[in-house]
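Work through the exercises below with the sequence and the model side by side. Try each task before reading its solution.

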Amino acid sequence: MAPPTSRRSGFSKKAQFSLFTGYLLAGGGALLGLVLLLLSLWQPAAFAPLRGGASDVVAPAGEAGAIARSQSQGLFASIGGYFKAGTQNAALREEMEIARIRLAEADAIKAENRRLKGLLGLRDEPIKPVAMARLVGSTATSPRRHAYLSAGGSDGIAPGMSVISDRGVIGRVLETGRYSARVLLLTDSESVLPVRRAKDDVIAFAEGRGDGLLRIRLVNLGINPLKVGDLMVTSGAGGYYRPGVAVAVISQTTPDGGIARLIAEPSATNFVAVEPVHQPVAVSALEGAGGEATSNSGASLSSTPSSKPASPATAAE
Amino acid sequence: MEQLDPRARADIYGQSINRAPSAWRVRSVPYISIMLASLAPVLLMADVMPLAPPLGFLLLLGWRMVRPGLLPLWAGAPLGAFDDLVSGQPFGSAILLWSLVMIAIELIETRFPWRGFWQDWFTAGVMAAAYWLATLLVSGAAVTQAMLLATLPQALLAILLYPIMARMVASLDRFRLARARRIS
């Protein structure tokens, strides 16, 4: 098919000018895009209000989608449940008995912990979530892994707060709109999270790889103590997350750490809790030390290299 | 005549006597459909890797290829700005890339005025692959081998989706030009 003849300018001055203007506007648009792109790569938070407004509009539609998603998952699970009810019942009964024993042990440890903390004069206030919300959507076409939350600035959510599901860490709030917020998921390749092994104090960084797995990089290099199946929890270094929340399970070891799988998968969660920044004082101190690279609303603090040397120092305290 | 067969004086756009296409529909359908296609992948929960092809971009390609001359040359910039707001890319990436693609297709069209379906698919495929690579480079994330492997299905899907997109644009165009307004 040939293009319409109306778009051949010929000798008509008017047609020639309108064709030229079209090219001029398109070129100007491309140039504007380049400038905006460089600006937003340099200052990632510059267009946060604009994006917040857009995600506020999308969030209600996402809410309906989230409800449908969680219901359909429940439906498939209940159909599957009929096929393996008998064997599962026996296995579950056995597992519950073991869990009951472990629970009693944990109670004893908890009591001892309270006694020791009392001796030291430490006090842990229970953390109250700022808001409960649904994950309503994600950036499914972009290589970046962000998710949208159905609660925003009007619910008290601010950038830097941690997003936690009943299974473990989901990510951290990056930008907020009025009724929605954007969450940096752990799998994003710019996400860095200080973690430690659950059973002892091997500290490491969990970095997103961009393909759904986390790369665990040990802070102290030497013989790699990690084993497949080890549970990594947040260490609380850096001050953003409260310590002891499950993050990932090691699935493969490498010379400098390991590759880990997420415990809390955002697509399988229904509701998440947004918790306040655990140690605001530490975060503001790190921000001050980090200089201009970390000054963009604190959201990209742990994603910038300058915060990496600072975090182990706080872990050692 | 209508008493014998109600579709006697109708074509694919509907009744042809005292009917005209709605002016609003004629102008707005391409833009609204591209914006909706930009929004659609947001509702998908992709936590592991980018799952959906860039639907907004593919529909822009579709409208540009199937109905040349309908979208002005500069349409890439405003539509790209809307896509940037929800896509998660740094703001400005789609404004730049969509504008460049519109200019590139215009130049290809002046060079090869007579085109067919296969050549359209080839052009759209090259554009989609180039766009996929460019979004990866400007996303602000480091491009690693793992990342490339994880996003490769997205590129293949984008190339393979073009024929479906072209058919979709054709049916949207029929809706756009349907004679919905009654002239009294």
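**Exercise 1. Find how many helices and strands chain B has, and describe their order.**

Solution. Chain B has 7 helices and 4 strands, where helices (H or I, at least four residues) and strands (E, at least two) are DSSP runs, numbered from the N terminus. Read along the sequence, these elements follow the pattern β-β-β-α-α-α-α-α-α-α-β. As for extent, the C-alpha atoms of chain B fill a box of roughly 70 × 40 × 25 Å along the principal axes.

This is a predicted model, in which local features need pLDDT of at least 70 and side-chain atom pairs count only at pLDDT 80 or more, while totals for chains, interfaces and linings use all residues. Residues are numbered from 1 along each chain as its sequence is written, and chains are lettered from A and ligands numbered from 1 in the order in which they are written. Chain B averages a pLDDT of 87 (the predictor's confidence in each residue, from 0 to 100), and 98% of its residues score at least 70. The model scores ipTM 0.81 and pTM 0.79.

**Exercise 2. State what share of each chain is buried.**

Solution. A residue is buried if 20 or more other C-beta atoms lie within 10 Å of its own, exposed if 12 or fewer, and partly exposed in between, with C-beta atoms placed from the backbone. By this rule, buried residues make up 43% of the 184 residues in chain B and 39% of the 317 residues in chain A.

**Exercise 3. Trace the barrel in chain A and follow strand E1 to its partners.**

Solution. Begin with the inventory: chain A has 5 helices and 12 strands. In chain A, 6 strands close into a barrel in the order E1-E2-E5-E4-E3-E12, with antiparallel pairing; two strands pair if DSSP finds at least two bridges between them. The twist averages 45 degrees from one strand to the next, where axes are lines fitted to C-alpha atoms, for helices over the stretch in contact, and angles run from 0 to 180 degrees between N-to-C directions.

Next, take E1(A) (residues 131–138), which pairs with E12(A) (residues 271–275) in the antiparallel sense over 4 bridges. Across this pairing, Ala133(A) has Val272(A) as its bridge partner, and Arg134(A) stands opposite Phe271(A). E1(A) also pairs with E2(A), again in the antiparallel sense, over 3 bridges, and there Leu135(A) stands opposite Leu149(A). Finally, 6 of the 8 residues of E1(A) are buried, so this strand is largely enclosed by the rest of the structure.

**Exercise 4. Identify which residues touch the most other members of the largest nonpolar core.**

Solution. A nonpolar core is a set of buried Ala, Val, Leu, Ile, Met, Phe, Trp, Tyr and Cys residues joined through C-beta atoms within 7 Å. The largest has 56 residues, of which Leu149(A), Val183(A), Ala206(A), Met232(A) and Val247(A) touch the most other members. A second, separate core of 41 residues includes Leu55(B), Tyr131(B), Val138(B) and Ala158(B).

**Exercise 5. Describe the side of chain A that touches chain B.**

Solution. Two residues are in contact if their C-beta atoms, placed from the backbone, lie within 7 Å. The contact takes 53 residues from chain A and 55 residues from chain B. On the side of chain A, the elements giving two or more residues are helix H1 (13–42), helix H2 (48–83), E1 and strand E2 (146–149), and the largest share, 15 residues, comes from H1(A). By class, this side has 25 nonpolar, 19 polar and 9 charged residues, where Ala, Val, Leu, Ile, Met, Phe, Trp, Tyr, Cys and Pro count as nonpolar, Asp, Glu, Lys and Arg as charged, and the others, Gly among them, as polar.
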